[in-house]
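Please consult the sequence and the structure shown here alongside the text.

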Amino acid sequence: MHVPYYDLSTIHKELLDEFHVQFSSIVQANSFILGPSVEAFEKEFARFCGVKSCAGVACGLDAISLALAAAGIEANDEVIVPAHTYIATWLAVSTLGAKIVPVDACPKTMNIDVNQIESKITKKTKAIVPVHMYGQMCEMDTISALAKKYNLIIIEDFAQAQGAKFKNMPAGSIGDVNGTSFYPGKNLGALGDAGAVTSHSEKLIEKVKALRNYGSSEKYVHEQKGVNSRLDSIQATFLSIKLKHLMAWNEERRTIAQLYRHLLKDVPELTFQASTSDYENVYHLFVIRSQSRDELKAYLSKKGITTLIHYPIATFDQKAYQELNFTKKDFPIASSIAKEALSLPIYPGLNHTQMEYVCEAIQAFFKSKS
Ligand SMILES: *Cc1c(COP(=O)(O)O)cnc(C)c1O
């Protein structure tokens with residue numbers, strides 16, 4: 001049997017006719033960037049996230065950096081970020097010349113350790129960027145209380161958590177201004193690069209809309225230095241089609257995750273992302289942790305099962321950030337996640353037989369070791 005890590009063909013097969021209709025209408029309209037289809041998607045996605053306003057942008061990295069810029073983050077401001085995240089979160093802060101202040105992960109949830117945030121706050125701290133790893137939201141009540149106490153801006157990176165909830169609050173609706181990615185492999189993915197910024201503040205979204213379009217809200221009038229980070233009309237139509245299915249796809253991911261948790265619960269060498277009933281997860285990834293991760297990955301690969309590592313090198317350990325001079329001792333949890341984490345196949349369309357095959361292979365691996 002072959003189990004790919006990810007396969008979009010099942011969900012895309014059923015949408016292909018709708019994609020074609022939209023493609024033809026965009027070509028006939030002769031309008032390819034921003035425009036009515038982007039505005040329609042922005043409204044739909046804002047409603048989905050439970051916010052007033054949304055701006056479509058070119059990718060997730062831009063979504064976070066434009067959110068930070070709209071919130072007024074400038075060079076030399078300090079911004080608190082998780083040590084364990086995809087590098088894009090850090091790069092968004094770097095783009096503005098702001099100072100990265102990483103906080104280690106919680107060993108149980110693998111999200112930012114909320115108990116370590118307060119000690120990192122200084123007079124220069126302006127914002128916190130919580131990242132909802134794997135589709136489980138951070139402890140946003142504690143983070144919101146800290147932000148209130150120290151007058152900090154919250155910018156959620158919810159690239160991995162579209163549709164997730166914490167205490168019934170949707171991802172992308174708690175921070176002041178938030179960014180997400182529609183990279184094809186995300187829970188809601190375009191057929192190319194795309195991203196969005198969400199906020200309750202229409203004013204902040206207007207700022208993002210100007211920044212994404214060369215700093216201009218009126219054609220050829222530039223109030224500030226912006227960038228080109230516009231969303232394509234065609235991608236917006238694809239996203240509108242796919243958004244209608246996101247809830248169902250997330251539900252399917254939850255069913256898969258529950259089955260994984262159930263079938264693997266007796267394997268003592270494994271740990272999972274800890275969760276409670278406060279969280280409604282959307283399982284962008286299903287991550288297990290094991291001391292014998294590399295050996296397990298190779299074993300599964302021989303059995304035809306593709307797994308991935310998110311991420312094999314922690315961001316602070318990347319050459320790109322060597323100037324910050326962090327070592328593994330600074331972030332012991334993020335370091336151990338980089339050594340132990342393994343992402344199992346999870347996507348809408350993954351069938352029961354494939355999942356059971358994956359679990360049997362994992363059990364067989366640990367049996368052969370003991
Ligand atoms: C995917 C991802 C991003 C970046 O999104 P792009 O669209 O690839 O720029 C940012 N943050 C997190 C946590 C992600 O998973």
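The sulfur of C106 lies 10 Å from the closest cysteine sulfur, that of C138, and is therefore too far away for a bond. A disulfide is taken here as a pair of cysteine sulfur atoms within 2.5 Å, and by this rule the count is 0 disulfides. C54 is likewise in no disulfide, the nearest cysteine sulfur being that of C49 at 7.0 Å. C106 has a relative accessible area of 13% and is buried; C54, at 3% relative accessibility, also counts as buried. Buried denotes under 20% relative accessible area, exposed over 50%, and partly exposed in between, with a 1.4 Å probe and protein chains only.

The model is predicted: local features need pLDDT of at least 70 and side-chain atom pairs count only at pLDDT 80 or more, whereas totals for chains, interfaces and linings use all residues. Residues are numbered from 1 along each chain as its sequence is written, and side-chain values use heavy atoms, with hydrogens and water left out.

Helices (H or I, at least four residues) and strands (E, at least two) are DSSP runs numbered from the N terminus. In strand β9 (residues 195–199), 5 of the 5 residues are buried, so the strand is largely enclosed by the rest of the structure. In a regular strand the side chains alternate between the two faces of the sheet. From β9, G195, V197 and S199 point one way, while A196 and T198 point the other way. Two strands pair if DSSP finds at least two bridges between them. Strand β1 (residues 53–57) pairs with β9 in the antiparallel sense over 5 bridges, with A196 as the bridge partner of G56. Strand β8 (residues 178–181) and β9 are also antiparallel, over 4 bridges, and T180 stands opposite A196.

The structure holds 17 aromatic pairs. Rings of Phe, Tyr and Trp (its six-membered ring) pair if their centres lie within 6.5 Å; planes under 30 degrees apart count as stacked, over 60 as edge-to-face and the rest as tilted. Two of the pairs are tabulated below.

| Pair | Geometry | Centre to centre | Angle between planes |
|---|---|---|---|
| W90 and Y321 | edge-to-face | 5.1 Å | 70° |
| Y299 and F365 | tilted | 5.4 Å | 55° |

W90 lies in helix α5 (residues 87–95) and Y321 in the loop between α9 (293–302) and α10 (332–340), so this pair ties together parts 231 residues apart in sequence. Both W90 and Y321 are buried. Y299 in helix α9 and F365 in helix α11 (residues 352–369) are 66 residues apart, and their pair links distant parts of the chain. F365 counts as buried at 3% relative accessibility. Ring pairs also join F41, F45, F48, F158 and F182 into a cluster.
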